[in-house]
Amino acid sequence: MGKMSSSKVNRYLALKHIAEVANSTSSLKRIFNSIASSTAKAVHANGCRILSLSSQKEYLLTVGTHGLSDLYLKKGPLNAHKSLPDILDGKVVFIADATKDEKVQHPQIAQAQGISSIFGVPILKKGEASGEIRVYTREPHHFSEADRGFLLSVAAICAVLLERAELYQFLEKDYKASKLRMKSAQISPLPTASLRPTSFAHPSEKEFAKLLDFYRIEWLYEPRSFPLKWENGGVTAMFTPDFYLPELDLYVELTTLKQSLITEKYHKFRRLKELYPEINIKLLNKSDYLQLLAKYGYGPLGEAKIEGVNRVLYSHTQIQRKVRVLARRISHDYAGKQLVLVGILKGVICFMADLMQHLSLPVTLDFMAISYYGGDGQTVKITKDFDSNMTGQHVVMVEDIVDTGMTLNYVLNHLSSQNPASLHVCALLDKRARRLIDVPLDYVGFEIPDEFVVGYGLDYKGQYRNLPFIGILHPELIKEDESH
Ligand code: IMP
């Protein structure tokens with residue numbers, strides 16, 4: 001057997017060690033940290049970090065590190081579109097000088113931390129990036145082809161580990177939840193991180209994270225540290241808020257009941273607000289955060305009934321975003337025209353109210369009400385007709401949800417008989433799997449699986465309309481005596 005160079009031996013030993021660690025029973029955090037450490041050493045780097053992409057592919061979350069300061073690690077949420085995005089496109093990226101390269105998201109921090117070169121490779125799962133490995137050096141460094149090959153092998157092992165982490169998270173849920181989840185398997189995963197912190201510093205943080213998950217409010221755990229004090233050019237005190245909620249652009253620090261800790265925390269908190277007046281942060285104890293969520297219509301203090309709602313399908317923010325997109329498209333298509341928006345009471349009220357406020361057109365409104373009768377529930381009867389005649393008008397029929405398509409078909413026929421100048425349909429939700437009559441939908445918000453949904457105007461036995469989000473209802477989870 002030929003003689004191997006010492007760096008070849010190093011890489012071989014590192015890979016052997018990494019393979020063993022990957023197959024050990026340690027916690028994932030430990031495994032990833034150990035991999036980061038072996039990786040850095042094998043390629044003569046000073047630091048390494050392993051990142052996982054959040055399931056909405058918006059953020060990069062650190063899952064393992066070696067040799068990097070807390071300040072560098074917590075320099076703020078790493079936006080996947082801004083922080084070396086080429087890596088996520090599947091490319092290997094080399095930055096010779098991180099303090100000068102425009103691809104680096106926080107160059108001033110790289111400089112303060114004495115980071116010079118960065119080498120990054122993607123972690124690929126079925127050809128798509130699910131994370132990355134980055135190594136850092138203090139002195140300008142050139143990485144070899146062999147380093148690149150080595151890092152890509154480590155990335156392949158990390159890909160398997162990240163997949164295992166996701167599977168583990170899925171299985172961890174209790175039996176009932178996972179059973180329901182399987183029923184609605186077509187639904188996209190939660191918008192939060194695909195790999196959660198394996199341990200929270202405090203149980204209240206875990207509880208808060210669970211609550212945010214339920215309401216599909218995206219969160220990042222401790223993504224940024226704020227330096228509060230400096231001495232001799234070094235940072236001597238920092239503040240790291242527990243959570244960042246990107247949708248609300250809000251940092252949240254949870255407080256405990258221990259008075260001694262609270263006093264110190266308040267002090268730091270005030271200093272933080274003085275130094276960083278532009279950031280939005282709240283110090284919350286449990287009743288505060290329930291109140292905060294209630295303000296957005298969520299949680300046990302919210303007025304709306306949520307019993308039986310197994311999970312949130314679309315959060316308030318997601319709905320608002322979609323409504324704005326639909327309104328923009330309608331405004332564009334009908335530019336220069338006067339529009340009549342028509343809807344069927346009562347389910348459409350939230351959608352109609354939001355949609356019309358974002359239309360940059362002159363609009364009028366009209367409503368009809370119908371009731372279903374007959375044993376099969378399929379026969380429709382108009383209990384209140386439209387007030388005006390639609391002849392010669394440009395009409396957009398606004399629908400909350402299209403299920404079998406019976407209702408829409410019936411109302412479209414009714415409207416057509418009045419000879420409008422044009423007639424199109426805008427539906428927020430399309431439950432296509434259950435369609436019996438093929439009705440043309442011109443504008444669709446979300447295509448949803450075959451589940452019964454409530455909230456944002458939609459009801460079950462008259463309830464739930466006032467929920468600010470759209471949730472999946474499992475009537476069997478409603479306690480008998482409270483169902484009316
Ligand atoms: P379709 O005639 O079967 O298309 O159903 C239309 C009406 O049924 C909608 O306007 C809703 O009032 C109701 N509906 C259908 N699916 C749901 C649901 O998942 N939640 C609440 N109401 C629904």
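Student: Which residue has a polar side-chain atom 2.4 Å from an oxygen atom of the ligand?

Tutor: The model is predicted, so local features require pLDDT of at least 70 and side-chain atom pairs pLDDT 80 or more, while totals for chains, interfaces and linings use all residues. Residues are numbered from 1 along each chain as its sequence is written, and side-chain values use heavy atoms, without hydrogens and water. A polar contact is a pair of N or O atoms within 3.5 Å. A backbone N or O atom of Gly-405 lies 2.8 Å from a ligand oxygen, but the side-chain atom at 2.4 Å belongs to Thr-407.

Student: How much of the accessible area of the ligand does the protein cover?

Tutor: Accessible areas follow the Shrake-Rupley method with a 1.4 Å probe. On its own the ligand has 490 Å² of such area, and the protein covers 83%.

Student: Which element supplies the largest share of the shell around the ligand?

Tutor: The shell holds 15 residues, each with a heavy atom within 4 Å of the ligand. Strands (E, at least two residues) and helices (H or I, at least four) are DSSP runs numbered from the N terminus. Helix H13 (406-416) and strand E17 (394-402) each supply at least two shell residues; the largest share, three residues, comes from E17.

Student: Which strands stand at the edges of the open sheet of six strands?

Tutor: Strands pair if DSSP finds at least two bridges between them. The order is E3-E2-E1-E6-E5-E4, with antiparallel pairing. Two strands have a single partner each, so one side of each lacks a neighbour in the sheet: E3 (78-79) and E4 (93-95).

Terms used
A polar contact is a pair of N or O atoms within 3.5 Å; within protein, one must be able to donate a hydrogen and the other to accept it, and residues adjacent in sequence count only if both atoms are side-chain atoms.
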